[in-house]
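Visitor: I would like to learn how to read a protein model step by step. Could you take me through this one?

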Amino acid sequence: MALVVVGASLAGLRAVEAARRDGYRGRIVLIGAEDHPPYDRLPLSKSFLAADGPGRVDPFHTETALRDEFGVELMLGAPADGLDTAAREVSVAGTAVPYDALVIATGATARRLPGSDGVAGVHTLRTAEDALAVRAALDGGARTVVIGAGFIGSEVAAAARKRGLASTIVETLGVPLVRAVGAEAGAVCASLHREAGTELRLSTTVTGLESDGGAVTGVRLSTGEVLPADLVVAGIGVVPATGWLVGSGVPLHERDGGVVCDATLSTGIPGVYAAGDVAHASNPLFDGELMRLEHWTNAAEQGAAAARHALAPESARALAPVPYFWSDWYDHRIQFVGTPRADEVVAAVPEAGGFTALYRRGDRVVGALTIDRPREIMKYRRHIAGRAPWPEALAFAAGTAA
């Protein structure tokens with residue numbers, strides 16, 4: 001029996017840990033495109049970018065620990081480049097790796113800014129190397145321009161402002177995060193940037209980059225303005241890393257190419273499961289909605305479950321989690337549970353400060369966003385998990401606002 005995990009990610013690591021914790025003693029092979037063993041990506045856009053942040057990115061476990069304590073065969077530094085589901089083999093740089101159970105946890109790759117290849121000072125923020133480069137630029141006092149007002153980009157802008165550096169966010173939409181949290185909550189998020197001194201260029205696109213000697217000096221906008229810049233970070237989304245699965249028979253989503261799974265994380269191909277950022281998984285708590293989540297908790301939970309189900313498919317059970325993520329901007333904590341896909345959004349500003357938005361689908365609450373209300377968010381999570389009716393959630397919100 002051989003368990004192969006493709007993706008030396010958080011989801012991949014949790015798959016390995018769960019297999020060993022549950023008593024599996026067979027062969028485990030962990031394949032990773034990066035040279036590093038799995039490390040925590042969550043701090044890369046948060047504490048790592050702070051002036052007093054850690055100076056290096058450490059792995060969850062060293063290579064020695066993974067080999068000696070977990071009995072894992074490591075294949076790092078080269079991505080998987082093919083899958084033969086009939087032969088049950090993964091191809092890595094010409095080497096065929098046989099499997100009985102397979103967990104796909106290859107995550108996603110960051111979209112690069114068009115025209116940025118070869119221009120120094122223009123980065124994405126997905127890997128340890130990305131974070132080290134952005135951190136070095138901030139340490140050097142870089143004038144910072146972020147393309148995209150999503151959560152990762154907003155955290156970079158916040159890190160720059162907390163150092164007292166000039167920071168500007170360019171966003172094509174008229175309201176930041178409108179697709180992720182709705183118009184009203186997005187407007188509140190925009191106000192956090194403005195209050196901290198981050199400039200916003202909304203309803204604006206990037207038309208090109210200015211450079212001198214191969215290094216970026218500015219960002220040209222559709223308005224004709226040129227923003228001075230020593231550091232440009234593209235936070236314009238990610239693409240599931242599934243190119244190696246094309247033609248394999250593994251079902252891929254028509255929109256972004258992510259792996260399509262049922263609620264047990266099965267792809268429908270015997271022995272093949274998926275987890276983390278790469279997976280579109282059906283969630284029975286939200287009417288079977290396919291969800292591809294780029295959240296730390298999701299990757300950890302799905303990675304462990306995918307390994308268990310791949311090794312013992314007869315014991316597989318449907319997962320019905322309430323998604324959760326958080327983001328730190330300036331001195332504010334933003335938290336979200338559930339899904340923003342809703343029929344109605346009701347927002348409130350509690351007397352004690354902060355902000356709350358509730359999301360209704362049909363006759364029940366399906367999502368909640370809070371800003372600086374950390375004690376409440378897990379209570380809303382329980383409401384959502386219990387399929388609480390909408391009036392009950394509104395009554396709870398009214399009680400906490402008093």
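Visitor: What percentage of the 402 residues in the protein is made up of buried residues?

Guide: Please keep in mind throughout that this is a predicted model. A residue counts as buried when its relative accessible area is under 20%, and in this protein buried residues make up 52% of the 402 residues. The accessible surface comes to about 16,600 Å², and 51% of that surface belongs to carbon and sulfur atoms.

Visitor: How many helices and strands does the protein have?

Guide: The secondary structure comes to nine helices and 26 strands. The radius of gyration is 22 Å, close to the 21 Å that the globule rule gives for 402 residues, so the protein is as compact as a globular protein of that length. If you take the principal axes as your directions, the C-alpha atoms fill a box of roughly 60 × 55 × 40 Å.

Visitor: Among contacts between residues at least 6 apart in sequence, what percentage joins residues at least 24 apart?

Guide: Of the contacts in the protein between residues at least 6 apart in sequence, 60% join residues at least 24 apart. Leu-102 gives you a case to look at, and you will find this residue in strand β7, which covers residues 101-104. Leaving out residues up to four places away in sequence, Leu-102 touches Val-4, Val-6, Leu-83, Val-90, Gly-271, Val-272, Tyr-273 and Ala-310.

Visitor: Is Leu-102 buried or exposed?

Guide: Leu-102 counts as buried, because its relative accessibility is 0%.

Visitor: How does one look for empty space inside a model?

Guide: The general idea is that rolling a probe the size of a water molecule over the atoms shows where empty space is left. In this structure there are two cavities of 30 Å³ or more, and the largest cavity has a volume of about 80 Å³.

Visitor: Which residues line the largest cavity?

Guide: The lining of the largest cavity is made by Ala-263, Leu-265, Ala-281, Ser-282, Asn-283, Met-291, Leu-293, Asn-298, Gln-302, Leu-319 and Pro-321. The elements that give two or more residues to this lining are β20 (279-283) and α7 (296-311), and β20 gives the most, with three residues. Sorted by class, the lining of the largest cavity has seven nonpolar, four polar and no charged residues.

Visitor: What is in the lining of the second largest cavity, by class?

Guide: The second largest cavity, which holds about 50 Å³ of space, has five nonpolar, three polar and two charged residues in its lining. The residues that line the second largest cavity are Leu-293, His-295, Thr-297, Asn-298, Glu-301, Pro-321, Val-322, Pro-323, Tyr-324 and Arg-381. The largest share of this lining, three residues, comes from α7.

Visitor: Where does Gln-302 lie, and with which residues is Gln-302 in contact, leaving aside its neighbours within four places in sequence?

Guide: Gln-302 lies in helix α7, and once those neighbours are left aside, Gln-302 is in contact with Leu-265, Ala-275, Gly-276, Ala-279, Ala-281 and Leu-319. Gln-302 counts as buried, because its relative accessibility is 7%. Gln-302 and Val-5 are 297 residues apart in sequence, and their C-alpha atoms are 13 Å apart in space.

Visitor: Where is the place of Ala-166?

Guide: You will find Ala-166 in the loop between α4 (151-162) and β11 (167-170), and with a relative accessible area of 48%, Ala-166 is partly exposed. Not counting residues up to four places away in sequence, Ala-166 touches Ala-142, Arg-143, Thr-144 and Arg-161.

How values were computed
Residues are numbered from 1 along each chain as its sequence is written. This is a predicted model: local features need pLDDT of at least 70, side-chain atom pairs count only at pLDDT 80 or more; totals for chains, interfaces and linings use all residues. Side-chain values use heavy atoms; hydrogens and water are left out. On a 1 Å grid over the protein atoms alone, a cavity is a set of points where a 1.4 Å probe fits but cannot get out, and a pocket is an open set with protein on both sides within 12 Å along at least five of seven lines; lining residues have an atom within 4 Å of a point. Grid points are joined across faces, edges and corners, and a volume is the space filled by probe spheres set on the points. Helices (H or I, at least four residues) and strands (E, at least two) are DSSP runs, numbered from the N terminus. Ala, Val, Leu, Ile, Met, Phe, Trp, Tyr, Cys and Pro count as nonpolar, Asp, Glu, Lys and Arg as charged, and the others, Gly among them, as polar. The radius of gyration is taken over C-alpha atoms; the globule rule is 2.2 Å times the number of residues to the power 0.38. Buried means under 20% relative accessible area, exposed over 50%, partly exposed in between (1.4 Å probe, protein chains only). Contact means heavy atoms within 4.5 Å. Accessible areas come from the Shrake-Rupley method with a 1.4 Å probe; for residues, only the protein chains shown count as cover.
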